[in-house]
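Trainee: Before we look at anything in particular, could you show me how to read strand pairing, helix packing and the relation between copies?

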2 protein chains.
Amino acid sequence: MAESITIKILPEGLSVQARPGELLGEVLTRAAVPLNRYCGGRGLCGKCLVRIVSGPLPLLEGDEKALLEARSLTTDHRLSCRYEIRAPATVEILPGSRAAAISVLDAGFCPPLTVDPAVKSFSLEIPSPSLASPRAVLDSLRDALGLPHIVAPLSVVKDIRLPPKNGRFSLTVCLYGENEILDIETGKSEEDLYGLAVDLGTSTVVAELLSLVSGKTLSRAVAPNSQITYGADVVSRLSFSFQNSDNLERLRNSILQLLNGLVSELVAKAAVPRNRICEAVIAANTAMNHILCGVAVDSLALSPFHAVFSRLDPFPASELGLGLHPRAKAYVVPNIKSFIGGDITAGLAASGFAERPGNGLFLDLGTNGEIVLRKGKHLYATSTAAGPAFEGMSLSCGMLAVPGAVQKAGWDDGFDLKTIDGLPAQGLCGTGLVDIVALSLRQGLLGPDGKITAPGRKIVLTKSLSLTQQDIREIQLAVGAVKTGVRMILREFGVSPGRLDEFLIAGAFGSSLDVENAGAVGLIPDVPADAVTFLGNSSLAGARKLLLSAPDRAAAEGVARRIEHVSLASRASFQDEFVGAMTFGR
Amino acid sequence: MAESITIKILPEGLSVQARPGELLGEVLTRAAVPLNRYCGGRGLCGKCLVRIVSGPLPLLEGDEKALLEARSLTTDHRLSCRYEIRAPATVEILPGSRAAAISVLDAGFCPPLTVDPAVKSFSLEIPSPSLASPRAVLDSLRDALGLPHIVAPLSVVKDIRLPPKNGRFSLTVCLYGENEILDIETGKSEEDLYGLAVDLGTSTVVAELLSLVSGKTLSRAVAPNSQITYGADVVSRLSFSFQNSDNLERLRNSILQLLNGLVSELVAKAAVPRNRICEAVIAANTAMNHILCGVAVDSLALSPFHAVFSRLDPFPASELGLGLHPRAKAYVVPNIKSFIGGDITAGLAASGFAERPGNGLFLDLGTNGEIVLRKGKHLYATSTAAGPAFEGMSLSCGMLAVPGAVQKAGWDDGFDLKTIDGLPAQGLCGTGLVDIVALSLRQGLLGPDGKITAPGRKIVLTKSLSLTQQDIREIQLAVGAVKTGVRMILREFGVSPGRLDEFLIAGAFGSSLDVENAGAVGLIPDVPADAVTFLGNSSLAGARKLLLSAPDRAAAEGVARRIEHVSLASRASFQDEFVGAMTFGR
């Protein structure tokens, strides 16, 4: 047996044993210190950074070298997924590297909710069969429900217990709409009914456990989308699924395990039995919901780019492999056309956008930028490939909006950075990024064309944090894509920005985006100042709303159907427009 | 390794090797010579008789001795389930002992059938998605079907293949009613659609494979109900299921394996792939359908004797374990009240009994005797425990209506026996039994009280075949039960036998029962001669009709619901009536 090496982990003060040659990332996983592993431990994302307090500091090479140099962290920082254990060491986990820390991500705009879920429980008394009336138990039950045609699945009928011989007996019946019996239990237990609302994002997955009786959120759990191992964005995951026929199942399995893990966390936090969860409502973009369902995604990546389904009927959650009530249902929020997914349908439902009069624009800033324009009673949608820059990916110093992330910035003879929880700055999240770009433009560190004019062609934020020219190019592409989409769709339907009654921003920015800076960068056109509202994670808020209200589902399905899709990328003018939009500013 | 012993099997002329001490029944099973094993090889039913042409003839003991003495077969016949191999032997299989020979059992009255099944296939052309119209495949399909709300199960959506890039493409869609898509295939295959009609009887199981396009029966397979191992009649199987909690599953598994075996036989005969069978319609009595579905039968055996379900919604056949199309449905023909099962509902459907005007009586003579009275628009039903005598069980010389069974008898200075296929008489089936009892009464060999007056207190038919006093008692009980039921229900509702417009007899007797003899015995009351019709296996005929016609299902469910159940056994007068009815004659 090989000799074992002691690794001390700070700030926990844990000591763990490692084998020579083992990677630090693996050792930390084993010690239940969960680090961000966006790139699946391939040394590409730089999100699993640790400080080597004592111990060997091997020479830096390749990607790791580039990543650490960009952040001036070469002296004592290393990526845990690249650090091979050779001798005893003490390592400090940076707050921003911790996966668990994402739980502060916002939970989305919470509209007033009506609790009228698809799954309901009723307590009933039914007469026991007698010699004079030896009725079949199921017939008596259908009568008592007043639903003679409700479907009783065989597995429910199999579980029916022999009623007592005389008098009446109490049952609790769990129904799915007026269509189907999900469960029959003896005694009264109608308060004990739960549902799951899931925002399955390309980068991040958020799940909530709700009571389907009170409508309250009982617990919340968050994790980076584990498919990041197979590619940071949708396109690279679709490509991965082409490589061989098992890869779709690999992607599916990866997200399924993640979801089941989140469910374990949710039920443990709320002390609810997991087989009491009777429905899961899942809001996700088209690629994510196809993958989760194990439905072929080839057609999403190849011209003419179309989905297999837009709407799926509710189906048994067990067909996904989710470990809930054995007959729990899964409801996938319907997609709007092939490119615009259920996350947007959910966002529209949460905000009530489609039901209001007047002109409005709904902008979801995630890995994709989806845009929905309301002009009177008409709805038009388009999407742009913004890339993951706003979510803290693809930049040398980007990170999710977790403790240690620069969330806001001002100027006081130099950058004045505000981080989440006031921790030392570890990187930039979306809102901080917009502030810094706007300030840099204002201070002349950056030209409107995106060229860094600051000394050393770097925008230096702290000793260890700066934006490179490459970073700025990524931001220009992201801003340009969104700006092009918004401009083109407004022009197409003859709505000027000043005539917008509302401009809703959903997605990564939460509610802390500085409107003036966003305008200066070019993310928000020249709309009336009071028109702008931040929705935060409206996909999650919508999943929650559609979980709690079955009538709202029918409405959301109607909205998804009537939105007209506008394909901008196929227009001849798109490329010119896009190049022009790369210039920062409105 | 032990020495092996050669056993020669006639008339095949096969030679097989056996281990010393092995039972002949096992050796024959291994050699694919399937014998009747009603009692599961426990030496009780006497149905696996063979003649030992050469080889050891061990001394007879116990049940085997009694069974063979009753048939005067002690010299050279033995039960194969009791015969231990000790030395080489040549054995002859009697035709009546062969399980496969049951295939001549009648297929039931075949009413004119409308082909309008629940499962249908349509070939469609749908437009390929294009850049201008990148519609989701499933949306285009729903449009083409004109069924926007049809449910597409996830497993169907998963199987959707990428359509070609341009033009239109052909699909064949298999639908379950207007509710659900069962399958989507590329190309045209709408002719290739099959269904299963099953009569799951207490003693015998018959299954047919039908084309759901032409409505034709393509193959038929029959086997004794394998649950006979656990008891010959319903009551003994219910008792068995009480003994421990695994026994219900044992019973279920036994019948499931049998059904899957029959399906293998059906598809092999008809050269149809088994995954093209999209629905199974199963007609069975209440106990058999509860057991097949794995639903608790305790309440059927204990006062107040009630069922768990009367009607089950169609459910996936895979939930039963039937190996058909992966999404094939199972439709269990609904029961009429707790005692009268789906076999009777099916029989009523096949005969159109409930739809005709006037007075009528429907009598199903199986192990139970079920009686349905129609008086104008009203329907009343009751059941009596006839026992298995009419099906050839429980008598020393009884057998199913298979080659070698005495089917008819006349008198020409002695019994003149007619056997099926003209083979030497092996035993009596139901119709022969009725003839012989009627002749014996007429010839003074038997008193109306059931006492044998013939010399030796035996009614001798051939050298090896005779009816004992015990056999006559069994027949008296069976006839008496049916007679009591018919008499009481007619009296209860004020219908005299002479006022019956029709008297339908379904079940074991097929169409060869002699009406005059049946009257002499007391099975048929004094009804107008032209009122009597024999339906044969009307349960199978009904399963076939309900498989081929979805509208007829709704009608049959309505009939099942509106029949009023009359519990005769709980009447104070029942016992007196029953004792009186034991006397042979009208």
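Trainee: How many bridges join strand β1 of chain A to β2(A), and in which direction do they run?

Mentor: In this predicted model, strand β1 (residues 5-10) of chain A is joined to β2(A) by 5 bridges, and the two run antiparallel. Within β2(A), A:Leu14 is the residue that stands opposite A:Ile9.

Trainee: What is the order of the strands in the open sheet?

Mentor: The sheet has 5 strands in the order β2-β1-β5-β3-β4 (chain A), and the pairing is mixed. Helix α2 (residues 62-70) of chain A lies across β3 (49-54) and β4 of chain A, and runs at about 140° to β4(A).

Trainee: How should I describe two packed helices?

Mentor: Two packed helices are described by the angle between their axes and by the distance between those axes. Here helix α11 (residues 469-492) of chain A packs against helix α15 (residues 574-581) of chain A at an angle of about 125°, with the axes 8 Å apart, and α11(A) and α15(A) are therefore oblique to each other. The contact is made by residues including A:Leu477 and A:Arg491 of α11(A) and A:Phe574 and A:Ala581 of α15(A); by class, the contact has 6 nonpolar, 2 polar and 4 charged residues.

Methods: Residues numbered from 1 in each chain as written. Chains lettered and ligands numbered in written order. Predicted model: local features only at pLDDT ≥ 70, side-chain atom pairs only at ≥ 80, totals over all residues. Heavy atoms only, no water. Axes fitted to C-alpha atoms, helices over the stretch in contact; angles between N-to-C directions. Helix = DSSP H or I, 4+ residues; strand = E, 2+ residues; numbered from the N terminus. Parallel < 35°, antiparallel > 145°, perpendicular 65-115°, else oblique. Contact = heavy atoms within 4.5 Å. Nonpolar A, V, L, I, M, F, W, Y, C, P; charged D, E, K, R; others polar. Pairing = 2+ DSSP bridges.
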